[in-house]
Amino acid sequence: MQARILDTLPDRLLDQPAQELHRFLDGPTLIHLPGRNPQPLVVSVLQHGNETSGWDAVRRLLKGRYARDQLPRSLLLLIGNVRAAARGMRHLADQPDFNRCWPGSRGPETIWHRLFSQITRHVQRSQPFACIDVHNNTGQNPHYAAVNQIEAQRLHLASLFSKTVVYFTEPAGVQSMAFGRFAPAVTLECGLAAERDGTDHAMTYLDQVLHLDSLPNQVPEPDRLELFEMFATVKVAQGIDFDFQGQASDLRFPADLDRYNFREIARGTSLASYDPALGSAALLAEGHDGRDLSQDCFSIEGNQIRTRRPLMPAMLTTDEYVVRNDCLCYFMERLCVEQRVSPDQTRPEPAALPESEP
Ligand SMILES: [Zn+2]
């Protein structure tokens, strides 16, 4: 499989909602659009087919002001999973999650890994100004940007979208980690796809970044940045019957569990009711340093699973499909930037890409 690389937008593409793009594109597609400053901004949309805010932001931007005016900076647009978008799904049953298959992923190599390696090399050769990958969440979350390195330029790029910035190093194989090896790269999380304010916010932000001449080398001031580090991924153990409607036999989460997103929840907060006769751990906290943090994070008291210490969840979802195929949420802790940024760390890592092709 080869990536499709175009120099112009196909006719009427900008009129199409995400669900119709598959009629015009047969797979992941890169489109180069020229602007006054030739160094491109890379914008990636629809890596997850049901996360439509990014595509809607791009097409509104290009159909509006930039239908008349030249772009202030070249745009390299990457349109991801159009087949999944046609069905309103994150990815299809015969596809992996696209945002786990970029260089640096640890999974078994597939045709998708080879395709995304090829796209990564193409993007690297374009020497991008910055790379922005636009997503939505499935639970109630504030809009936020995420980075994979604590480094001045990408923290600045992230804080222009939201004061809330999340630093994460797991899961592996995400695009922002691959592109972040040669350019400042951020992931945007624009809330629920169905809510228009995510599209509005992404569109305003992309226009702002297209107008930037450079990114400062100073870390944003503390009043413009709240940085959180994801330290654990929370999953439901294999074979556990769970739901959010109070019917499952093993583990019953409240229907509004996602109200805890980005809130520091106190020790002893109930996360689910649980059948204690099952004995073994149903809810697992996998530390991003490889340790099992389940005992550290959860206690079973009577028929309740409670937090054993204060915790702040992110990306808590009440979508059972996402919980089964990805995770329930991540746990975060607040980071003080000054503690973590030394002069050496403000420089990007050397531009060495892990090769996943033989
Ligand atoms: Zn996504």
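Which residue stands opposite Ser44 in strand 4? I will come to that pair in a moment, after a word on what we are looking at.

This is a predicted model, in which local features need pLDDT of at least 70 and side-chain atom pairs count only at pLDDT 80 or more, while totals for chains, interfaces and linings use all residues. Residues are numbered from 1 along each chain as its sequence is written. The pLDDT, which is the predictor's confidence in each residue on a scale from 0 to 100, averages 92 over the chain, and 94% of the residues score at least 70. Over residues 342-358, however, the pLDDT is below 50, and this stretch has 24 contacts in the model beyond near neighbours in sequence; a contact here means that the C-beta atoms of two residues, placed from the backbone, lie within 7 Å. Where pLDDT is low, the predicted coordinates should not be read in detail.

Now to the opening question. The residue opposite Ser44 is Leu78 in strand 4. Strand 3 (residues 35-45) and strand 4 (residues 71-79) run parallel and are joined by seven bridges. Strands are DSSP runs of E with at least two residues, helices are runs of H or I with at least four residues, and both are numbered from the N terminus; two strands pair if DSSP finds at least two bridges between them. Strand 3 also pairs in the parallel sense with strand 5 (residues 130-137), over four bridges, and there Val42 stands opposite Cys131.

If we follow the chain out of strand 3, we come to Leu46, which is found in the loop between strand 3 and helix 1. Leu46 has a positive phi of about 60° although it is not a glycine, and with 26 C-beta neighbours inside 10 Å it counts as buried. The term buried applies to a residue with 20 or more other C-beta atoms within 10 Å of its own, exposed to one with 12 or fewer, and partly exposed to those in between, with the C-beta atoms placed from the backbone. In helix 1 (residues 53-63) lies Ala57, which is also buried, because 25 other C-beta atoms are within 10 Å. Leaving aside residues up to four places away in sequence, Ala57 touches Val134, Thr199, Ala202, Met203 and Leu206.

Let me turn to the overall layout. The domain assignment, from an automatic or database source, gives domain 1 (4-224) and domain 2 (231-332), and their C-alpha centres lie 30 Å apart. Ten residues from domain 1 and 14 residues from domain 2 take part in the contact. On the domain 1 side, the touching residues divide into two nonpolar, seven polar and one charged, where Ala, Val, Leu, Ile, Met, Phe, Trp, Tyr, Cys and Pro count as nonpolar, Asp, Glu, Lys and Arg as charged, and the others, Gly among them, as polar.

What about the interior? The largest nonpolar core has 98 residues, and those with the most contacts inside it are Val43, Ile132, Val166 and Val234; such a core is a set of buried Ala, Val, Leu, Ile, Met, Phe, Trp, Tyr and Cys residues joined through C-beta atoms within 7 Å. Strand 9 (residues 226-236) gives the largest share of this core, seven residues. Both domain 1 (4-224) and domain 2 (231-332) give residues to the core, so it lies between them. Val166 touches Tyr144, Ala146, Phe228, Met230, Ala314 and Met332, not counting residues up to four places away in sequence.

Two further loops deserve a mention. Pro171 is found in the loop between strand 7 (164-167) and helix 6 (175-179), and the peptide bond from Glu170 to Pro171 is cis, with omega near 0°. Met315, in the loop between strand 16 (312-314) and helix 9 (320-325), has a phi near 55°, a positive value in a residue other than glycine, and Met315 is buried, with 26 other C-beta atoms within 10 Å.

Finally, a look at strand 15 (residues 304-307), which pairs in the antiparallel sense with strand 12 (residues 270-274) over three bridges, Ile305 being the bridge partner of Ala272. Strand 14 (residues 298-301) pairs with strand 15 in the antiparallel sense over four bridges, with Ser299 opposite Arg306. Strand 14 and strand 15 form a hairpin with two residues between them, and Gly302 in the turn has a positive phi of about 60°. Arg267, in the loop between strand 11 (251-252) and strand 12, is exposed, with 11 other C-beta atoms within 10 Å.
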